[in-house]
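Please look over the model below before reading the numbered points.

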Amino acid sequence: FCLLVFMSSPQQITEAFIQHYYNCFDQKNWAQLSNLYTNDSMLSFEGEEFKGAQAIVGKLQKLPGTQHKPTTKDAQPTPGGGLVVFVSGDLSIDNGQPIKFAQVFTLFPVPNNPNQLMVINDMFRLNYG
């Protein structure tokens, strides 16, 4: 995921990242989604843990069809040029009734390419109730 990080605010980066991430996810563009993760990336999905791009995307590919509609997004910069991103919104599964979801990402610059960000941590939960 490439951005001119040095010219963008955390909110601009977050907005671009969220749009890219959920478009790839909902359109099942697994190759593009896989490029966001590394072998050291971690996903916690409803209490299950996955490590590495292949395992993470393998999990996501097994999910039914989705449509994400983020409604809130917050970002905070981290030391080292990264961002913590919190997203909440509505998720429709196979065109069903929306369910609330929350997701947190930790994004860091790719070594030797600070204009490109990678997902190091990804935590996802459905919010029932």
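**Note on the model**

1. The side chains of Q103 and Y22 are joined by a polar contact of 2.7 Å, where a polar contact is a pair of N or O atoms within 3.5 Å, one able to donate a hydrogen and the other to accept it within protein, and residues adjacent in sequence count only if both atoms are side-chain atoms. A polar contact of 2.7 Å also links the side chain of Q103 to the side chain of D122.

2. This is a predicted model, in which local features need pLDDT of at least 70 and side-chain atom pairs count only at pLDDT 80 or more, while totals for chains, interfaces and linings use all residues. Residues are numbered from 1 along each chain as its sequence is written, and side-chain values use heavy atoms, with hydrogens and water left out.

3. Q103 belongs to strand β5 (residues 99-110), helices (H or I, at least four residues) and strands (E, at least two) being DSSP runs numbered from the N terminus. With a relative accessible area of 3%, Q103 is buried, a term that means under 20% relative accessible area, against over 50% for exposed and partly exposed in between (1.4 Å probe, protein chains only). Leaving aside residues up to four places away in sequence, Q103 touches Y21, Y22, V85, F86, V87, D122, M123 and F124, contact meaning heavy atoms within 4.5 Å.

4. Among the buried residues of α1 are F17, Y21, Y22 and F25, and just after the helix K28 takes a positive phi of about 55°.

5. Strand β1 (residues 37-45) pairs with strand β6 (residues 113-127) in the parallel sense over five bridges, two strands being paired if DSSP finds at least two bridges between them. β1 also runs antiparallel to strand β2 (residues 48-51), joined by four bridges, and in their hairpin, with two residues between the strands, E46 takes a positive phi near 50°.

6. The rings of F45 and F124 are stacked, because their centres lie 4.8 Å apart and their planes meet at 5°; rings of Phe, Tyr and Trp (its six-membered ring) pair if their centres lie within 6.5 Å, with planes under 30 degrees apart counted as stacked, over 60 as edge-to-face and the rest as tilted.
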